[in-house]
Amino acid sequence: MTAENPFPKVRETLGDGPGDAHRQMQRSRLLQATALSPAPRRDRRWLFWPAMAIAFAAVLVVMWPKPKPRPAGVAVGTEFSAPSTAPVTLTFADESHVTLLPGGLAQLEASDDTHVDVRLTSGHLDAKVTKHTGRVWRYLAGPYAVRVTGTELSVSWHPGLSALEVAVQEGAVEVTGPGLSAPVAVRAGERLRRSPAVTEAKAAPPPAEDVPIAEAAPATVQVKPHVAAKLAEAKTDVEVTKPAPAPPDWHALLASGNRKEALAAAETSGVLTRPELLASPELLRLADAARIEGHPRAENLLTRCVARGGDEGAEAAFLLGKLHQDRGEIAQAVGAFRDAIRLDPGTYDELASGRLLELLVQLNDPSARDLAREYLRKHPDGPWAAAAKKVVGER
Amino acid sequence: MSVGAPKAQHLNAVTEALESELALLIAGVQRRDRKVIGHFFDRFEGEVNRIVWSLLGADPEHDDIVHHSFAEMIENIGQVTRPIALRGWVRAVTVNQVRKAIRGRRWRRLFGSVNEGLERFDSWVPDEARLETIRRVYRVLDTLSPELRTVLVLRHLEGYELSELAEALRCSLATAKRWLARAEELFSKRHGPWPKGSTS
């Protein structure tokens, strides 16, 4: 007995997604994160002499006495929290700022001429610390301390899982804490993640008070080799992702959408001239990348794939037809589209027939009329139905 | 004379206008222009939210995954060489983020650190019958690999064509078709016999 299709009911029940308040919060969060992340670098060599003048002025500014970096009206010991729908930013007198993302909780633990301590009780904060003030900033998360002298960074702390993540956008920081035998330096572009083993997390007690728990830390982690080595020495359960190996792998490049680089890597490895070494799905993907990039081997690779038949052969035939059509090679395109329909009529009967019809009309081929009638019989509402009706009605 | 030429000209003009608008959007996002990023979010948040919502089923980490999807798009939008392909690329990036999340959970589930979480539907699905339907469907979806789950949901909940599935999953049409057939077969076995003719 065939069961009822459950998906229409699920579709109706699910609706279109979260409500407006959530979407507003998503928007705010994204714009806030964008404000703290640098734009791509441009060529700034023309700025050299103006930069030298500014640097000289900056030396004077550095020597000038600085006000204490405490936000106006905020006493040491003050706790601050961000509501679930919007971030909270504290700006200090020296232009340093700390942004607590929605749901976060933090406290200003110390502030004087030599140092500032901000405790992240839970959640995520982004911070920018003004350089050359002579003060040391520390971001305290659980038993960990992140020491900063002038940088842009993010810190996340999940108290229930004892999970820490530190990401540095500019400058460098040092992280100390349990299981780290020496301070670990984290530099611009690097991240450090620290959490106990999964089994330990299962046994971790829930938070003692009902504090808003911020969003989980992002999944992507990269730590440079020198950091990985130090952490390995510490023999703790620290999640480290090592950088990818140096030789480019065309599979990975293609999977991430870098077609030009993938083709260059494939050429270096020799597979472009030895397609027989590739399985059909790989050959098809490489051939399609070559077609899109206008690589001279595209036609050869696609033709090889067509010859193998099967689903991949049918798709390769369709793509070969498009390649010939783009080049104005009408007769060859007709042949390729016919191959696609022959190899997989279920998928390509509609997709290829319409294009075939267009090409046969351009060639003034008498079989266009029969094809048009057949198209209208099978696909009366298809994208080429109007064109097919014209062909049938013309003569 | 080629059949359909006037219609082709009109379509070309429409496509060119859309392409240049999308090119401006891409350039603005690359420059990190906050106003343009806001527009970019407004333009695509509906689709991104829907994809994540459907694939994961009103998940507690929904907002995180949406945020990471947009963050990755802003970081890598320079990869979009044809502006007209922007929508497909947005879908592909979002689907990739969801697949990563699903893979991570499947791994952690091996160690027993992630619970089923189907009770997340209880508070907002009032009807007992619908609640049972949705829980049953997502219980089965949770047993599928990220790829099979994605093709099944995008096809049957979001109505994607095969070509759209291939674009979203960055695979060939043949592979998408094969995955869909396998997903439907497994879903039928674990949920109940599948209505015929759904792959055409």
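This text walks through a predicted model, chain by chain and then through its cores.

Start with chain A. It has 395 residues, and 42% of them count as buried. Its secondary structure consists of 14 helices and 12 strands. The accessible surface of chain A comes to about 20500 Å². Carbon and sulfur atoms hold 56% of that surface. Now take the contacts in chain A between residues at least 6 apart in sequence. Of these, 48% join residues at least 24 apart.

Chain B is built from other elements. It has eight helices and zero strands. Along the sequence, its pattern reads α-α-α-α-α-α-α-α. Chain B has 200 residues, of which 52% count as buried. Its accessible surface is about 9300 Å², with 54% belonging to carbon and sulfur atoms. Among contacts in chain B with a separation of 6 or more, 64% are between residues 24 or more positions apart.

Next, look at the strands of chain A.

Several strands pair with E5(A). Strand E3 of chain A, residues 97–100, runs antiparallel to E5(A) and is joined to it by four bridges. Here His97(A) stands opposite Lys128(A). Strand E4 of chain A, residues 105–111, also pairs with E5(A) in the antiparallel sense, over six bridges. In this pairing Gln107(A) stands opposite Arg119(A). E4(A) and E5(A) form a hairpin, with three residues between them.

Val118(A) has Tyr139(A) in E6(A) as its bridge partner. His115(A) stands opposite Val136(A) in E6(A).

From E6(A), move on to strand E7 of chain A, residues 144–148. These two strands run antiparallel and are joined by five bridges. Leu140(A) stands opposite Ala145(A) in E7(A). E6(A) and E7(A) make a hairpin with two residues between the strands. In that hairpin, Gly142(A) takes a positive phi near 60°.

Now turn to a pair of helices in chain A. Helix H8 covers residues 280–292, and helix H10 covers residues 310–327. They pack at an angle of about 10°, with their axes 10 Å apart. Angles under 35 degrees count as roughly parallel, and H8(A) and H10(A) are therefore roughly parallel to each other. On the H8(A) side, the residues that meet H10(A) include Leu284(A), Asp288(A) and Arg291(A). On the H10(A) side, they include Glu312(A), Leu319(A) and Lys322(A).

In soluble globular proteins, nonpolar side chains tend to be buried together. The largest nonpolar core in this model has 115 residues. Those with the most contacts inside it are Trp250(A) and Leu286(A), along with Phe40(B), Phe70(B), Leu86(B) and Tyr138(B). Helix H2 of chain B, residues 34–56, gives the largest share of this core, with 11 residues.

Which residues does Leu86(B) touch, leaving aside its neighbours within four places in sequence? Leu86(B) is in contact with Leu22(B), Leu25(B), Ile26(B), Phe40(B), Phe44(B), Ile77(B) and Val80(B). There is also a second, separate core, of 32 residues. Among its members are Phe80(A), Leu108(A), Trp137(A) and Val146(A).

Definitions and conventions:
Residues numbered from 1 in each chain as written. Chains lettered and ligands numbered in written order. Predicted model: local features only at pLDDT ≥ 70, side-chain atom pairs only at ≥ 80, totals over all residues. Heavy atoms only, no water. Core = buried A, V, L, I, M, F, W, Y, C linked by side-chain atoms within 4.5 Å. Buried < 20%, exposed > 50% of the residue type's maximum accessible area, 1.4 Å probe, protein only. Contact = heavy atoms within 4.5 Å. Pairing = 2+ DSSP bridges. Areas by Shrake-Rupley, 256 points an atom, 1.4 Å probe, with all protein chains shown as cover. Axes fitted to C-alpha atoms, helices over the stretch in contact; angles between N-to-C directions. Parallel < 35°, antiparallel > 145°, perpendicular 65-115°, else oblique.
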